[in-house]
Amino acid sequence: MADVTRRKLMAGLAASAAAGMAATGAGCAKGDKKLRAFKNEEFYDADGTFNQDAAKRAYYELMEYHGYPVYDSLKEVLWVLDFAVGRFTDVGMGGVFWLNEWVEEGKYGYLGHEIFLLPGQMIPEHWHVQHEDIPPKMEGWHCRYGEVFLFAEGDPSPDAEKIIPASELKFTTCRNVQRLAPGEVGKLAVPLAPHFQVAGPEGEIVTEYASYHSMDALRFRNPDIKLD
Ligand SMILES: [Fe+2]
């Protein structure tokens, strides 16, 4: 599906989205604020290297569009990923681990995580396994700005496949969709369950509440994915 068509569909699914919002292939607008359309090529150098600085600048634009505070401390710890897929506008994310603590003595841990996705961008399908003494991660998501489509196992939702970037469709199995608007929350049903999320036409800023996050415990459906 052409990217513009997919974004229009998401805009249609977002029937209750904020009044005055418009989403097109040329970007979107809210009041007097505009968020430009991002092109994949602007995130890669001539040799194909993922340009992390360009990705961070795009997330700052997203934050400013939504009125999200861009602290200096956030700029120091913001990380970005394209998962080595090479299609950052389809598959990628920005994140801040405000807290990610594992207490060895008590064998417990917790995570405070902010997730940033550009319009239509996707965190690829994955699940979290047990790693050494660390139990499988449990997660919940609180939409702060924009809109997020949470994908999980369960009854297929109408038009679920039309929300997923076409290039990643074959690496997904979840077809049950929960849409979150700002102020709404969703959660992982059970440990080990596969899941992923796709941002709406205005992108998303989502707070994740979770148990401790271990990169070593991540498993992805797409075998080509790498985290560095
Ligand atoms: Fe996850």
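Tyr145 is partly exposed in this predicted model, with a relative accessible area of 26%, where buried means under 20%, exposed over 50% and partly exposed in between (1.4 Å probe, protein chains only). Tyr68, by contrast, counts as buried at 9% relative accessibility, and Phe116 is buried as well.

A search of the whole structure finds 13 aromatic pairs, a pair being rings of Phe, Tyr or Trp (its six-membered ring) with centres within 6.5 Å, classed as stacked for planes under 30 degrees apart, edge-to-face over 60 and tilted for the rest. Among them, Tyr68 and Phe116 are edge-to-face, at 5.5 Å centre to centre and 80° between the planes. This pair links distant parts of the chain, 48 residues apart: Tyr68 lies in the loop between helix H2 (52-66) and helix H3 (72-77), and Phe116 in strand S6. Helices (H or I, at least four residues) and strands (E, at least two) are DSSP runs numbered from the N terminus. Tyr68 and Tyr145 also pair edge-to-face, with ring centres 6.0 Å apart and planes at 90°; Tyr145 belongs to strand S8 (residues 139-152), 77 residues from Tyr68. Ring pairs join Tyr68, Phe116 and Tyr145 into a cluster that also includes Phe38 and Phe43.

Positive phi values occur at Lys107, near 55°, and at Leu192, about 75°. Lys107 is found in the loop between strands S5 (93-103) and S6 (108-117), Leu192 in that between S10 (185-187) and S11 (195-210).

Residues are numbered from 1 along each chain as its sequence is written. Local features need pLDDT of at least 70, side-chain atom pairs count only at pLDDT 80 or more, and totals for chains, interfaces and linings use all residues, while side-chain values use heavy atoms, without hydrogens and water.
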